[in-house]
Amino acid sequence: MNSYEVNFDGLIGPTHNYGGLSFGNIASASNALKLSEPQRAARQGLEKMRYLRELGLQQGVLLPQQRPHLPTLRKLGFGGSDSAIIEKAAKQAPELLASCYSASCMWTANAATVSPSADTGDGRVHFTAANLNSMFHRSIEHQTTGRLLQAIFNDRQYFDHHQALPGGSHFGDEGAANHNRFAPDYGAAGVELFVFGRYAFRENSAATAHFPARQSYEASRAVSRLHRLQAAKVVFAQQNPGIIDAGAFHNDVVSVSNLNTFFMHEEAFLDKAQLQQQLQRQYGDEKLHFIEVKTSQVPLADAVTSYLFNSQLVRLPGEDAMTLILPVESRENEKVYRYLRQLQQQDTPIKRVEFVDVRQSMKNGGGPACLRLRVALTEAELNAVNPRFMLTDTLFADLNQWIDRHYRDRISPADLADPVLMEESLRALDELTALFNLGSFYEFQRS
Ligand code: SUG
C-alpha cells in the first residue's frame, strides 16, 4: 500500500506580531516590538504550502487559534466586557496582552508529537498535543490544538489522540520539533528519536548556562509510552546544552531527518557517536546516512541565523534523491550557501536545494520546518483525513482572498491595545470556521 508524509502547515493568524516573548530564541528577542506584517506573513506561509504541493507532496493546513485569547485574560483577573479586558490588560500588563495575542500556533512543529501506525502497539496513528509549558504564550495552545487535531483526524479506527502531558515544568514538551523518525518508507516500521534538553527528576551533569532547555527527558519518555512504541525501536538523546545557549531552543534548529537520512550540525548532540551507533543498531542492516556539518564549515551562530537545519528534507514522488527546502536566509549567508553548493556535489542522498521566503515567521524564530507538522500516513489513513484540511487550488484561492479581506498590513505593539484589532481578528476567524465547515469551534463562538 502507498504511504505518504503529509505536511500540515500552520496558517499564520491575523494577529502575527513581534512580542519578544521567547527567552532563548534569538530572533524573537532581536525583533521584539518591531512592526510586523501579518498579511505578508500569511501569504508567505500559504505560498510555501502551495509550492510544496506543486512539487507533488501532500499538503494540509492547520488553523490559527483564537487570539486575543480572552478566556486566559479572564483567568488572570481581567474582567468586564471584552473591550474592557483588552484596555485593562494593555495598561496593567502589556506582556500578558501580547502573550494572549501571539500567533505562535503557526509553528505547528510544536503542535504535537505524531507516531505513525507502523510504529505503535495498536497499529493506529498516535497524536499527543504538546503542552509547550516552557513559554507562557505557547502554554495556552494545547487545548485548541488537541480539538483541532481531533476534528481533522476524526476516525477512531485509524487515529488515537492523547491530551497534553500534565503541567509543571517537569514535563515540558515541545512536540515534533524534538522528534525524528527513521524508516525505509513512510508506511514501514521505524526508529523514533526523542531529543531532550534536560532531566527533570535527576541532576543534570550537563546543563545550559543561559537559556532554558524546554524539552525534558521525562516528557519524551511519557510520549513514547502513550504511543505504545517498542523499546527496541526508540532512542532518547540529549541535545548539547551549549547549542541551546547558542540559540538552538529546539533540536530542529540544528538537525533535520527524513527516511534514512539525518542531516545535523556536528555539535547538535551531547554524545553524537553513541547516538549514531544506537540509531544504526536499532535501524538494522540497511544503512542510515548521517550528514554532519562541521563547525569549521558553518559556525553555530551562522546555523542559528540562517536556519540551515530548519529546512524541510523531502523525497519528491518518483525520485530516490532528497531535496532540502531552505529559508532564503540560508542563500544569503555566504558560509552556508558555500556549504550547500558543496553538499550537492557530495555523495549523499541530498541532491537538490530549494529556497522559500518565510521571512515574517523567521523574524520570530520560525523557519520552514517550524511551520509544518509531519504526519506519515498510509493510503487508507490519508483517505480518513477530513478532506477540508487538505490544500487544493480552491482552498488556496479562498484562503488568499480571506487573508486579503481581513488582515492588516502592519501591526505595532501599540495596536494590541485597540479593541478594534480584537474585533477584526474574531470576525476573520468566524468566517474561517465557515470555510472549513467547523461549526462553533472557537470559544468566542460558543459563549
Ligand atoms: O516557540 N517563537 C516560537 C518559534 C517556534 C519555532 N519552532 C520550531 N523551532 N519548531 C517559539 O519560540 C516568538 C513569539 C514572539 O516573540 O512574539 C515565538 O513564540
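I started with Ser 22, which counts as buried because its relative accessibility is 9%; buried means under 20% relative accessible area, exposed over 50% and partly exposed in between, with a 1.4 Å probe and protein chains only. This is a predicted model, where local features need pLDDT of at least 70 and side-chain atom pairs count only at pLDDT 80 or more, while totals for chains, interfaces and linings use all residues. Residues are numbered from 1 along each chain as its sequence is written, and side-chain values use heavy atoms, with hydrogens and water left out.

I found Ser 22 in the loop between strand 1 and helix 1. Helices (H or I, at least four residues) and strands (E, at least two) are DSSP runs, numbered from the N terminus. Leaving aside neighbours within four places in sequence, Ser 22 is in contact with Ser 28, Met 135, His 137 and Arg 214; contact means heavy atoms within 4.5 Å.

**Ser 28**

Is Ser 28 buried or exposed? Ser 28 counts as buried, because its relative accessibility is 3%. Setting aside its neighbours within four places in sequence, I noted that Ser 28 touches Gly 20, Leu 21, Ser 22, Lys 363 and Asn 364.

I then looked for polar contacts, that is, pairs of N or O atoms within 3.5 Å; within protein, one must be able to donate a hydrogen and the other to accept it, and residues adjacent in sequence count only if both atoms are side-chain atoms. The side chain of Ser 28 reaches the backbone nitrogen of Ser 22 at 3.3 Å. A polar atom of that Ser 28 side chain also lies 3.5 Å from the backbone nitrogen of Leu 21. For scale, I checked Ala 380, which is 352 residues from Ser 28 along the chain; their C-alpha atoms are separated by 40 Å.

**The ligand**

Which residues come nearest to the ligand? Of the 22 residues around the ligand, they are Leu 21, Ser 22, His 137, Asp 252 and Cys 370; to be near, a residue needs one heavy atom within 4 Å of the molecule or strand.

- A backbone N or O atom of Leu 21 is 2.8 Å from an oxygen atom of the ligand.
- For Arg 138, a side-chain N or O atom is 2.9 Å from a ligand oxygen.
- For Asn 25, a side-chain N or O atom is 3.0 Å from a ligand oxygen.

Taken alone, the ligand exposes 490 Å², and the protein buries 100% of that. Accessible areas come from the Shrake-Rupley method with a 1.4 Å probe; for residues, only the protein chains shown count as cover.

**Strands 1 and 2**

I went back to strand 1 (residues 3-10), which pairs with strand 2 in the parallel sense over five bridges; two strands pair if DSSP finds at least two bridges between them. Val 6 stands opposite Gln 58 in strand 2. Strand 2 (residues 58-62) is largely enclosed by the rest of the structure, because four of its five residues are buried.

**Helix 2**

Gln 44 lies in helix 2 (residues 38-54) and is buried, with a relative accessible area of 10%. Apart from neighbours within four places in sequence, Gln 44 is in contact with Asp 357, Val 358, Arg 359 and Gln 360. The 17 residues of helix 2 should span 24 Å at 1.5 Å a residue, and its end C-alpha atoms are 24 Å apart, which agrees; the expected span is 1.5 Å times one less than the number of residues. Just after helix 2, Gly 56 takes a positive phi of about 105 degrees.

**Helix 17**

I checked helix 17 (residues 419-435) too: its 17 residues reach 25 Å from first C-alpha to last, close to the 24 Å expected. Its buried residues include Leu 421, Met 422 and Leu 432. They pack against several helices, among them helix 4 (82-92) and helix 16 (393-406).

Most residues other than glycine have a negative phi, and most peptide bonds are trans. The bond from Arg 67 to Pro 68 is cis, with omega near 5 degrees, and Pro 68 lies in the loop between strand 2 and helix 3. Leu 132 has a positive phi near 50 degrees and counts as buried at 1% relative accessibility. Tyr 307 has a positive phi of about 55 degrees and sits in the loop between helix 11 (300-306) and strand 12 (312-314).
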